[in-house]
Amino acid sequence: MISSLRDLQYNYFKTHYSLLPPILENVDNCYRISSKVKTNKDGTPKMKNGVPQVRTFNVPNKALAKIQKLILKRILEKIPLPIYVIGCVKNRSSILNGALHKGNKYKFQTDLSNFFPSVSAEMVYEMFRTYNFSHDVAAKLTKLTTVKTPESLRGTCLPQGTSTSPYLANLVFQHVDKQFMQLIDERKLTYTRYVDDLTFSSNTCFKEAIPEIIKIINSNGYKISRKKTTYRCGRTIITGVDVGNNTIRPTQEFYEKGLQTLNENQKKGRNLYKSSVKEVNKIKNKIIKQRILLNN
């Protein structure tokens, strides 16, 4: 897509291109580490062997964050993603993700462990090359969007805490998505992915296909979270939505959480979630898919 550094400079970064040399010379020092304690649904800290679990973020400085936002808006978001990739894509929401499985009786869900640390700089570079970016452009874009973190599984990887990581992860993981397609076509499955949350569903039992799904994931260097892997029949919670045969609705947790504990912004978010679920519930899945395609 971008054949030369000159093209990258004048058509994508323009006046911001002057920011690149000092950043590229010392990318690792353009990040600061920020940590946040992981919490359970009730707000209590997640514990392991008596120690609170912490999520680490690599937060870019202002100059790098500005460049990454340009990369996202002017380059990455111009690359369309398939209809089944829902998370962190404009006009696609967690509610739509759940709704696309409405009407299917059997549902298999799994979550990818350490997803961003599993996506190496080499994977990102190869992804850019498959879209016909030149070697120099692919190398520079990769360097601007990856960093070595304590959680890295393959050296330099996608960091938590940058604007570009979710979309890059979506693009890189497409080669795995495509490997699911034969199985999906054969079994007549519905498949969606909300970043690292994978959901498969069907009107007929497909339990015997699950080992093949997991094999595809593992063979590409990713691992699933056993705790978040389920196969269920009937109503199921999918990305924060209670999904049934004929309807989707807010989760029971939504109703149980008292309004008195929420601030004004949380109340607005709650009302938006409730109205969005109600609106999407009225739309047939074929129409949802058509709208997604039209927005690409």
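Select Thr146 and show its neighbours: leaving aside residues up to four places away in sequence, Thr146 touches Val27, Tyr31, Ala121, Val124, Thr156, Cys157, Leu158 and Pro159. Here, contact means heavy atoms within 4.5 Å. The model you have open is predicted, so local features need pLDDT of at least 70 and side-chain atom pairs count only at pLDDT 80 or more, while totals for chains, interfaces and linings use all residues. Residues are numbered from 1 along each chain as its sequence is written, and side-chain values use heavy atoms, with hydrogens and water left out.

Is Thr146 buried or exposed? Its relative accessibility is 5%, so Thr146 counts as buried. (Buried means under 20% relative accessible area, exposed over 50%, and partly exposed in between, with a 1.4 Å probe and protein chains only.) Thr146 sits in the loop between α7 (135-145) and β6 (147-148). Helices (H or I, at least four residues) and strands (E, at least two) are DSSP runs, numbered from the N terminus.

**Next stop: two helices**

Select α7 together with helix α1 (residues 5-13). Their axes come within 8 Å and cross at roughly 55°. Axes are lines fitted to C-alpha atoms, for helices over the stretch in contact, and angles run from 0 to 180 degrees between N-to-C directions. α1 and α7 are therefore oblique to each other; angles under 35 degrees count as roughly parallel, over 145 as roughly antiparallel, 65 to 115 as roughly perpendicular and the rest as oblique. Show side chains to see the contact: Leu5, Leu8 and Phe13 come from α1, and Asp136, Val137, Lys140 and Leu141 from α7.

**Next stop: strand β9**

Select residues 197-202, which form strand β9. Five of its six residues are buried, so β9 is largely enclosed by the rest of the structure. Which strands pair with β9? Strand β5 (residues 106-113) pairs with β9 in the antiparallel sense over six bridges, and five bridges join β9 to strand β8 (residues 190-194), also running antiparallel. Two strands pair if DSSP finds at least two bridges between them. For examples, find Thr110 with its bridge partner Leu198 in β9, then Thr190 with Ser201. Two residues lie between the strands in the hairpin of β8 and β9, where Val195 takes a positive phi near 60°.

**Next stop: aromatic rings**

How many aromatic pairs does the structure hold? There are 12. Rings of Phe, Tyr and Trp (its six-membered ring) pair if their centres lie within 6.5 Å; planes under 30 degrees apart count as stacked, over 60 as edge-to-face and the rest as tilted. Pick Tyr106 and Tyr231: their ring centres are 6.2 Å apart and their planes lie at 15°, so the pair is stacked. Tyr106 is in strand β5 and Tyr231 in strand β11 (residues 230-233), so the pair ties together parts 125 residues apart in sequence. Tyr106 counts as buried at 17% relative accessibility, and Tyr231 as partly exposed at 22%.

Then colour Tyr84, Phe108, Phe180, Tyr191 and Phe200, which ring pairs link into a cluster.

**Last stop: an open sheet**

Finally, select three strands that form an open antiparallel sheet in the order β12-β13-β14. The edge strands, β12 (236-238) and β14 (248-249), each pair on one side only. Three bridges pair β12 with β13 (residues 241-243), and Ile237 stands opposite Asp242 in β13.
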